[in-house]
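Try each task before you read its solution.

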Amino acid sequence: MVGAAYAAVPLYKMFCQATGFDGTVRKAEAKPTRVLDRKVKIRFDANVRSLPWDFSTEQVSQDIRIGDTGLAFFKVTNKSDKALTGRAMYNVVPEQAGPYFQKLECFCFTSQTIEPGQTVEFPVVYFVDPQFADDPETKGKSEITLSYTFFPAVPEAGATKQAATTPRIVQPLGGKPPTGL
């Protein structure tokens, strides 16, 4: 019973990431080949729990065509006098959009160590799968909210301390991300 209890959390997390269940966003390997004329508004939300960090979005929302790649930036500042490591958990609302909202690049895929007083900008490269427009549960939806919450990271076995190194991609918002993302 104890073993099953410990295994339940990681198994549930893997299930949610694989299926998009409960608004969990999935990591994509490639962007879609089909782009629709229909647009959807993506709203961005940033929160922090139990860390002395300022975490904010560089934009409130973006309008993108379904199937097209979007690029958003988030900013984190460590207000403490020591390096701290956090992990961003994420989800989308409405929950039915979870299987269709996918990210190609995100700071949330790994833990981030921010040095004292350091400010880091993180890009997120994402898209809404064109199947979003065909699903009866999402057909009429015109807005999706992508929400992040940074929590203190739990050290992983064998992990070494490393400062955040995700570079800021120098592209205007709405521009095309570099090839390969």
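At 23% relative accessibility, Lys-41 is partly exposed. Keep in mind that this is a predicted model.

**Exercise 1.** Find the salt-bridge partner of Lys-41 and say which strands the pair connects.

*Solution.* Start at the side chain of Lys-41: it forms a salt bridge with Asp-63, and the closest N and O atoms are 3.3 Å apart.

**Exercise 2.** Work out the strand order of the open five-stranded sheet and name its edge strands.

*Solution.* Reading across the sheet gives β4-β2-β10-β6-β8, with mixed pairing. The edges are β4 (61-65) and β8 (112-114), each of which pairs on one side only. Now look at β2 (residues 39-48) and β10 (residues 143-152): these strands run parallel and are joined by eight bridges. Within this pairing, Val-48 has Phe-150 in β10 as its bridge partner.

**Exercise 3.** Classify Asp-54 and Lys-79 as buried, partly exposed or exposed, and locate the salt bridge they form.

*Solution.* Asp-54 has a relative accessible area of 41%, so Asp-54 is partly exposed. Lys-79, at 54%, counts as exposed. Their side chains meet at 3.4 Å, N to O. Asp-54 sits in strand β3 (residues 53-57) and Lys-79 in the loop between β5 (69-78) and β6 (84-93), 25 residues apart.

Notes:
Residues are numbered from 1 along each chain as its sequence is written. This is a predicted model: local features need pLDDT of at least 70, side-chain atom pairs count only at pLDDT 80 or more; totals for chains, interfaces and linings use all residues. Side-chain values use heavy atoms; hydrogens and water are left out. Two strands pair if DSSP finds at least two bridges between them. Helices (H or I, at least four residues) and strands (E, at least two) are DSSP runs, numbered from the N terminus. A salt bridge is a side-chain nitrogen of Lys or Arg within 4 Å of a carboxyl oxygen of Asp or Glu. Buried means under 20% relative accessible area, exposed over 50%, partly exposed in between (1.4 Å probe, protein chains only).
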